[in-house]
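Open the structure in your viewer and keep the selection tool at hand.

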There are 2 protein chains.
Amino acid sequence: MAENKFNNEETIARCVPMGRLQSVIGGKWKILILWYVSFYKVQRFGELMRRLDGITQSTLTKQLRELESDGFLHREIYKEIPPKVEYSLTEFGKIFIPVLQTMMAWSETYLCPDYQNPYEK
Amino acid sequence: MAENKFNNEETIARCVPMGRLQSVIGGKWKILILWYVSFYKVQRFGELMRRLDGITQSTLTKQLRELESDGFLHREIYKEIPPKVEYSLTEFGKIFIPVLQTMMAWSETYLCPDYQNPYEK
DNA sequence: GTCGGTAGTACACTTTTTCATACTATCTAT
DNA sequence: ATAGATAGTATGAAAAAGTGTACTACCGAC
């Protein structure tokens with residue numbers, strides 16, 4: 001019978017939190033969505049749609065629903081015509097902002113060194 | 001003709017670095033692989049295979065090759081029998097460690113508050 | 001001679017994710 | 001009457017990701 005796993009604390013090495021994080025913010029659009037919402041504070045569905053170049057409506061809906069059910073986003077529905085729905089960070093989502101900023105800073109510095117951030121001249 | 005995009009710096013809002021980061025560390029196993037390699041300094045193929053519960057050999061190979069070609073991992077081949085290949089972080093990979101640690105810390109604190117890190121008692 | 005150990009590759013298959021397109025509802029403005 | 005605006009849903013197709021199984025190569029030990 002093949003011994004297929006390490007069998008003590010070595011095995012785990014904190015894979016649980018890292019795996020959970022991956023499952024929550026993995027996916028093609030999530031950190032980008034979180035970034036936009038944190039950056040603009042509030043975003044409507046259509047705004048996100050236009051910003052996320054190439055995403056489809058149904059995919060965006062799905063990603064937003066997942067971020068909502070994972071506790072990152074709050075969804076505020078206004079009973080207006082035409083319909084209006086606003087997305088913003090929950091309190092839980094807000095404590096994720098430093099992580100987003102760390103990622104962003106790293107990415108700007110090391111992944112896209114030639115990228116000119118339009119918000120700092 | 002439908003105006004489908006925002007047309008100034010508002011549009012961009014740093015989506016480039018964030019999108020690039022997503023494309024580089026997205027994927028089901030990458031941050032977990034980077035975490036293990038940074039944690040143990042050096043990992044052999046088989047060790048990673050055993051740690052990543054459920055991954056297949058071909059998927060692991062593919063993810064490792066991508067991390068290698070994106071500059072995060074170094075692949076050291078020993079001309080021995082049986083074969084031995086060691087993965088470690090490149091210099092570029094090492095400057096990503098703080099980001100990994102930020103993610104890990106957040107995840108341990110907020111995503112898995114009940115998780116007991118086996119390395120701190 | 002064949003089993004075990006390591007690091008893969010090759011191929012077909014399944015599952016998951018994403019996309020394209022069409023459609024709904026409701027009010028306002030033309 | 002109909003077009004436009006918004007936030008979706010539904011459906012099926014396509015693409016991407018992941019899986020399972022079989023196979024290679026090499027050497028030593030049994």
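By what turn and what shift along the axis can chain B be laid on chain A? A turn of 180° and a shift of 0.0 Å do it, with an RMSD of 0.0 Å. The superposition is by least squares on the C-alpha atoms of residues with pLDDT of at least 70 in both copies. The two copies are thus related as by a two-fold rotation axis.

Before you go on, note that this is a predicted model: local features need pLDDT of at least 70, side-chain atom pairs count only at pLDDT 80 or more, and totals for chains, interfaces and linings use all residues. Residues are numbered from 1 along each chain as its sequence is written, while chains are lettered from A and ligands numbered from 1 in the order in which they are written.

**Stop 1: the axis and the interface**

Select B:G26. Of the residues of chain B, B:G26 comes closest to the rotation axis, at 3.0 Å (C-alpha).

Now show the contacts between the chains. Here 41 residues of chain B are in contact with 41 residues of chain A (C-beta atoms, placed from the backbone, within 7 Å). On the chain B side, α1 (9-12), α2, α3 (30-40), α4 and α7 each give two or more residues. Helices are DSSP runs of H or I with at least four residues, strands are runs of E with at least two, and both are numbered from the N terminus. Color this side by class: 25 residues are nonpolar, eight polar and eight charged. Ala, Val, Leu, Ile, Met, Phe, Trp, Tyr, Cys and Pro count as nonpolar, Asp, Glu, Lys and Arg as charged, and the others, Gly among them, as polar. 100% of the interface residues of chain B are also interface residues in chain A, so the copies meet through the same surface.

**Stop 2: helix α7 of chain A**

Select residues 97-111 of chain A. The buried residues of α7(A) include A:V99, A:M103 and A:L111 (buried: 20 or more other C-beta atoms, placed from the backbone, within 10 Å of its own; exposed: 12 or fewer; partly exposed: in between). Seen down the helix axis, the buried residues fall within an arc of 160°, so they line one face. That arc is taken from the directions from the axis to the C-beta atoms. On the other side, A:P98 and A:T109 are exposed.

**Stop 3: the DNA**

Finish at DNA strand D, where A:R44, A:G46, A:P82, A:V85 and B:K28 come nearest.

Methods. Near = placed C-beta within 6 Å. Expected span 1.5 Å × (residues − 1). Contact = placed C-beta atoms within 7 Å.
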